[in-house]
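Here is a short report on selected local features of one chain.

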Amino acid sequence: MLAVAQLYRRDVPGLPDTGEGDLLQVFWCPFERHGETRHDLHVQLRRRRSEDVTTPSAEQPFPEVVGREELVPSPCVVHPEEVVEYPYLEVLSPSLQGRIEAWEGPEDEEGVQYISDLSTAPGWKVGGHIAWNLTGPARLACSECGAELTPLLTADHREWGPGTTSWIPEEDRRDLAVPGAGVPTGVSPGRGRLTIAVCPRDGNHPLGLVSQ
């Protein structure tokens, strides 16, 4: 299993509190095909108390063999930033979709666009909303209790792209033209974006994975 992310509640206030600790560690297998499709990953979560981690590892163990290099994150330091985003357009009611389209104006008219500028921020994020751009919206039901799963962590192949420049952090705008600046982790899970969803009733219930 590869260590993918390590998040502290002191840095990410929106991190769910399951009562098992303030430190969330995310791992996945560096090989896919763990389900019915070739994109399926195996993901595990570990929750710990930060005060119990007295001798952290100085180096990240590296597997000798991996299925794809894009499943091995480049070492990065997380700088969390709280943003406001809105649900994916197709999740909204038809009447609200129509109001948004009227507010945006003609497609060839420059201005703020709901999907690219306001909805489902790109990049790695905790919480937020799922971008259903490949499959369309689907209900995520917990296999144990039937509750609607909620997004915990999204791992994205890029932090921004040509159509999502409004989400670029101010400190990174100077690197807009630098090749690879928007892909600091070098990761591309599944189809490019993987959302790990958890049961809001019991964090130990099976995870839900959405690859888009």
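Gly 67 counts as partly exposed, because its relative accessibility is 43% (buried means under 20% relative accessible area, exposed over 50%, partly exposed in between, with a 1.4 Å probe and protein chains only). Gly 67 sits in the loop between strand 3 (43–48) and helix 1 (94–104). Helices (H or I, at least four residues) and strands (E, at least two) are DSSP runs, numbered from the N terminus. Apart from neighbours within four places in sequence, Gly 67 touches Pro 30 and Phe 31 (contact means heavy atoms within 4.5 Å). Gln 44 is 23 residues from Gly 67 in sequence and 18 Å away in space, C-alpha to C-alpha.

The model is predicted: local features need pLDDT of at least 70, side-chain atom pairs count only at pLDDT 80 or more, and totals for chains, interfaces and linings use all residues. Residues are numbered from 1 along each chain as its sequence is written, and side-chain values use heavy atoms, with hydrogens and water left out.

Helix 1 buries Gln 97, Ile 100 and Glu 104. Seen down the helix axis, these residues fall within an arc of 60 degrees, so they line one face. The arc is that of the directions from the helix axis to the C-beta atoms. An α-helix has 3.6 residues a turn, so residues three or four places apart point the same way. The buried residues of helix 1 pack against helix 2 (114–118). The face turned away carries exposed Ser 95, Arg 99, Ala 102 and Trp 103. Just after helix 1, Gly 105 takes a positive phi of about 85 degrees.

The disulfide count is zero. Cys 199 is buried at 4% relative accessible area, and Cys 29 is buried at 14%.

The structure holds eight salt bridges (a side-chain nitrogen of Lys or Arg within 4 Å of a carboxyl oxygen of Asp or Glu). Among them are these:

| Salt bridge | N to O distance |
|---|---|
| Arg 47 – Glu 20 | 3.9 Å |
| Lys 125 – Glu 85 | 3.0 Å |
| Glu 148 – Arg 139 | 3.2 Å |

Salt bridges that share partners also join Glu 32, Arg 68 and Glu 70 into one network. Lys 125 and Glu 85 are both buried. Arg 139 is exposed at 58% relative accessibility, whereas Glu 148 is partly exposed at 37%.

Conventions:
Disulfide = S-S within 2.5 Å.
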